[in-house]
Amino acid sequence: MAAPQDDTRSKIAVRSLWMTFQRKGDPAQPIHVLEDIHLDVRDGEFVCLVGPSGCGKSTLLNIAGGFLKATQGEILADGRPVLEPDPKRIFIFQENAVFPWLTVEENVGFGVKRETEADRKALVSHYIEMVGLTGFAKTHPRELSGGMRQRVEIARALAAEPDVLFMDEPFGALDYLTRLRLRHELIQIWQREKRTVLFVTHDVEEAVQLADRVVVMGRRPSRIRAIVPVDVPRPRDLDDPTCRMLRDEIFGVMGLDHQGQRVSGDSTGSIQLPPHLRK
Amino acid sequence: MKDRLQSIGLPLLVAIVFVTGWHFAVKVTGSDIFPTPLMVVAGLVELAQKGVLVKYIVASLFRVTAGFLLAVFVGIPFGLLLGWFTPLTRAFNPAIQVLRPISPIAWIPVAILWFGVSDVAPIFLIFLASLFPITTAAMAAVQNIQLVYIRAARNFGITGLDLFRKVVFPAALPQILTGLRLALGVAWLVVVAAEMIAVNSGLGYLIIDARNAGKRYDLVVAGMVLIGLIGLGLDLLIRQMEKLDEVRWGLSR
């Protein structure tokens with residue numbers, strides 16, 4: 001068992017991960033989604049995965065969450081291979097997986113593992129308050145807006161007291177203003193709670209605003225094309241020159257200009273990365 | 001206010017026109033056998049005075065309740081299991097799909113052969129009639145559960161029977177309830193048919209007996225009216241359940 005030394009220091013360690021899907025009805029033409037992915041996420045770190053849609057970033061997250069099995073390679077959590085979902089690492093879904101038959105309070109309490117009833121209750125109301133839903137404890141999800149439902153899901157995840165949150169485009173289905181507000185709230189919560197977050201988004205600005213490091217993935221079959229540290233104090237203003245520069249850099253790595261237009265070099269790996277972004 | 005006036009006033013108007021038309025149609029044709037609405041009401045009063053009205057209603061309701069509940073207790077667990085375990089679906093679904101289109105009425109001779117002329121025969125028929133819609137609904141409900149609910153539950157460490165109790169069943173409940181409503185409607189149709197043949201009490205028996213014993217068509221129609229009203233009542237009852245928070249999320253669309 002000669003594990004590389006940093007495996008034990010990394011909260012999440014992705015080791016030479018490959019993922020291939022068999023195409024239904026055409027097994028001769030498998031879809032190669034992920035190619036030799038390596039990634040280390042430190043404890044308490046906020047890492048965003050960005051990339052064009054269909055690049056396999058959600059697939060990577062689902063493997064990390066224990067919902068999918070990789071074709072090759074493995075993901076380690078606290079040094080142990082991830083084989084199945086674990087309450088220590090909670091997944092937050094874009095589609096919103098809040099249980100509609102339970103009230104807000106019952107949803108938030110779903111994964112709580114405290115001994116006494118008083119403890120449970122205190123924890124549940126603590127997280128309901130944290131996501132700004134005080135007064136909605138007895139409400140059913142269908143009476144809430146999409147943004148509020150996503151807050152319930154975040155509260156439910158936090159109330160299970162996990163070490164890691166996997167967030168799969170959690171704000172992707174929300175309107176622009178709600179998305180902006182929830183980003184701010186998420187950062188505030190994260191700064192208070194200091195959990196490790198692995199956050200998938202296709203929105204480069206979202207990634208720059210949230211992440212300690214942005215992992216940029218290319219088109220399928222995708223590899224990690226660059227890992228961009230965002231060393232800007234929070235809360236971050238997207239109009240801040242550094243943020244804008246980083247955003248443009250990430251677009252550049254993806255082969256796009258800041259308007260999202262394809263630029264020369266495409267995304268096939270022929271462009272020259274600035275030295276600090278080279279892997 | 002206007003909506004309320006319309007939703008009560010318009011159906012009332014239709015009823016008045018219908019009953020009046022019925023009355024004059026009987027008068028104009030000079031039928032000796034077919035009753036006017038008033039004669040039907042008199043028939044109902046006669047049944048009540050003889051003490052059979054309540055007795056027959058209770059007999060029919062008892063059979064429906066017994067057969068339906070039996071089907072609920074068998075059909076829901078069976079359907080949930082079928083929906084959850086794909087090999088079970090593959091094994092049982094063809095048989096279910098062959099048995100399902102057989103009208104419960106076709107089972108009457110078999111029911112009499114097995115259970116004789118007793119309460120058991122109609123209860124068995126109602127059980128059969130309700131079982132297929134309930135089982136099919138429960139099966140489809142489980143198959144339609146959104147994968148994210150199952151994934152989220154597993155993520156929180158919920159497995160096995162707990163997963164069924166806490167997620168699969170509640171997630172399937174709205175669609176199951178729709179199946180129950182369908183089944184109860186069919187059960188009520190079937191009890192009347194079964195009582196015409198297999199027993200000597202109940203609303204179905206009332207209809208066939210009134211016709212056979214002296215062509216009392218006032219009582220025949222009285223029985224029909226009762227069947228309609230009670231059927232409506234049963235449906236309203238089950239619709240009340242659709243208002244519960246546990247299922248409303250999956251129905252209001």
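Tutor: Two strands pair if DSSP finds at least two bridges between them. Helices (H or I, at least four residues) and strands (E, at least two) are DSSP runs, numbered from the N terminus. The model is predicted: local features need pLDDT of at least 70, and side-chain atom pairs count only at pLDDT 80 or more, whereas totals for chains, interfaces and linings use all residues. Residues are numbered from 1 along each chain as its sequence is written, and chains are lettered from A and ligands numbered from 1 in the order in which they are written.

Student: What makes strand β3 and strand β8 of chain A a pair?

Tutor: Strand β3 (residues 46–50) and strand β8 (residues 196–200) of chain A share four bridges in the parallel sense. The criterion is at least two bridges, so the term applies. Within β8(A), A:V197 is the bridge partner of A:F46.

Student: Why do β6 and β10 of chain A count as standing at the edges?

Tutor: The open sheet has six strands in the order β6-β7-β8-β3-β9-β10 (chain A), with mixed pairing. Each of β6 (89–92) and β10 (224–229) of chain A has a single partner strand, so one side of each lacks a neighbour in the sheet.

Student: Why is B:H23 called partly exposed?

Tutor: A residue is buried if 20 or more other C-beta atoms lie within 10 Å of its own, exposed if 12 or fewer, and partly exposed in between, with C-beta atoms placed from the backbone. B:H23 has 14 C-beta neighbours inside 10 Å and therefore counts as partly exposed. The residue lies in helix α1 (residues 2–29) of chain B.

Student: Which residues does B:H23 touch, leaving aside those up to four places away in sequence?

Tutor: B:H23 touches B:T36 and B:P37, contact meaning that the C-beta atoms, placed from the backbone, lie within 7 Å. The C-alpha atoms of B:H23 and B:T36 are 5.1 Å apart, although 13 residues separate the two along the chain.

Technical notes:
Two residues are in contact if their C-beta atoms, placed from the backbone, lie within 7 Å.
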